[in-house]
Amino acid sequence: MKRFFFLRIFTSRKEILSAVTGTKTREAAKMINKVEICGVNTSKLPVLTNKQMRKLFTELQQGEYPARQQLINGNLRLVLSVIQRFNNRGECVDDLFQVGCIGLMKAIDNFDLGQNVKFSTYAVPMIIGEIRRYLRDNNPIRVSRSLRDVAYKALKVRDELVNKNSREPTVSEIAEALQVKREEVVFALDAIQEPVSLFEPIYHDGGDPIFVMDQIGDSKQSDRIWLEEIALREAIKRLNQRERSILDLRFFEGKTQMEVAEEIGISQAQVSRLEKAALKNLRKYVREEPGN
């Protein structure tokens with residue numbers, strides 16, 4: 001998507017004051033929470049009253065096109081408030097703003113004054129829907145169109161069954177209504193779930209944030225242990241056959257030195273000596289650099 005808007009947000013007083021060194025404090029203070037799009041300060045965008053909105057919509061229905069532009073300009077703050085919900089998606093804010101404006105224009109073109117509904121009540125769901133559609137179509141994981149269609153139909157049927165039965169429907173009920181297999185509904189709904197970054201913060205209370213990876217990490221399978229297992233496996237391969245057999249019987253099968261001696265046909269003292277030598281070689285091989 002071509003980017004026609006440039007968005008810059010100032011939120012830190014310290015950052016602003018340092019960025020405008022040499023200017024008056026009052027001038028710097030005016031820049032706090034300033035949002036610029038194409039050089040226009042959106043904090044000064046017009047805010048239309050209900051009376052003005054009704055007047056402009058009446059003019060628009062009569063074919064006066066300038067009224068449409070005034071309605072767009074007068075509701076850009078609505079778009080800005082909606083895109084804040086999607087700040088943690090990692091998407092470019094410029095793109096989200098443009099897509100939100102498309103949803104706003106669709107809402108303006110389809111709004112009916114006769115329904116006696118506030119424009120913001122009607123427009124916000126359309127703006128959100130347009131942004132969600134954009135996010136789905138630009139999902140990093142490509143999902144087949146047929147699978148997405150099944151998922152969207154399943155969501156629609158789910159809402160219908162909730163309204164009809166006043167309870168959450170089961171997957172089997174949704175599948176029966178769509179006349180498809182239960183597994184197909186499960187796969188379709190899973191396919192449209194948005195991927196979550198392992199580094200996405202899920203909790204932050206003034207200290208260090210807790211990320212998704214902190215909640216799903218497996219201490220038993222850390223990188224350090226994984227690398228040690230590889231090194232140990234490679235070191236065991238370098239032992240001779242007798243040393244490998246003794247270590248296998250002693251530490252994997254849990255046999256005593258006497259039992260190992262009887263099985264191999266040597267004395268217990270020899271088993272003890274060979275075991276110590278094998279462990280010594282094993283430690284040596286593990287500590288060696290790869291390729292030595």
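**Exercise 1. Contacts across the chain**

Task: In this predicted model, find what share of the contacts with a separation of 6 or more comes from residues 24 or more positions apart.

Solution: Start with the contacts in the chain that have a separation of 6 or more; residues 24 or more positions apart account for 56% of them. Next, look at the secondary structure, which comes to 15 helices and five strands. Then turn to burial: of the 292 residues, 29% count as buried. Finally, take the surface: the chain exposes about 20400 Å², and carbon and sulfur atoms supply 51% of that area.

**Exercise 2. Helices H6 and H7**

Task: Work out how H6 and H7 are oriented to each other: roughly parallel, roughly antiparallel, roughly perpendicular or oblique.

Solution: Find helix H6 at residues 93-110 and helix H7 at residues 119-137. They pack at an angle of about 135 degrees, and their axes are 8 Å apart. Angles over 145 degrees would count as roughly antiparallel, and 65 to 115 as roughly perpendicular. H6 and H7 are therefore oblique to each other. Their crossing is right-handed.

Now list the partners. On the H6 side, the contact includes Leu 96, Val 99, Gly 103 and Ala 107. From H7 come, among them, Phe 119, Tyr 122, Met 126 and Ile 127. Sorted by class, this contact has 14 nonpolar, three polar and four charged residues.

**Exercise 3. Helices H4 and H6**

Task: Describe how H4 packs on H6, giving the angle and the distance between their axes.

Solution: Helix H4 covers residues 66-73, and its axis lies 10 Å from that of H6, at an angle of about 130 degrees. H4 and H6 are therefore oblique to each other. H4 passes H6 in a right-handed crossing. Arg 68, Leu 71 and Ile 72 of H4 make the contact with Leu 104, Met 105, Ile 108 and Asp 109 of H6. By class, the contact of H4 with H6 holds five nonpolar, no polar and two charged residues.

**Exercise 4. A loop residue**

Task: Decide whether Val 143 counts as buried or exposed.

Solution: First place the residue: Val 143 sits in the loop between H7 and helix H8 (145-165). Its relative accessibility is 16%, and buried means under 20%, so Val 143 counts as buried. Next, check its contacts. Leaving aside neighbours within four places in sequence, Val 143 touches Arg 148 and Ala 191.

Definitions and conventions
Residues numbered from 1 in each chain as written. Predicted model: local features only at pLDDT ≥ 70, side-chain atom pairs only at ≥ 80, totals over all residues. Heavy atoms only, no water. Axes fitted to C-alpha atoms, helices over the stretch in contact; angles between N-to-C directions. Helix = DSSP H or I, 4+ residues; strand = E, 2+ residues; numbered from the N terminus. Parallel < 35°, antiparallel > 145°, perpendicular 65-115°, else oblique. Left-handed = near helix turned anticlockwise from the far one by under 90°. Contact = heavy atoms within 4.5 Å. Nonpolar A, V, L, I, M, F, W, Y, C, P; charged D, E, K, R; others polar. Buried < 20%, exposed > 50% of the residue type's maximum accessible area, 1.4 Å probe, protein only. Areas by Shrake-Rupley, 256 points an atom, 1.4 Å probe, with all protein chains shown as cover.
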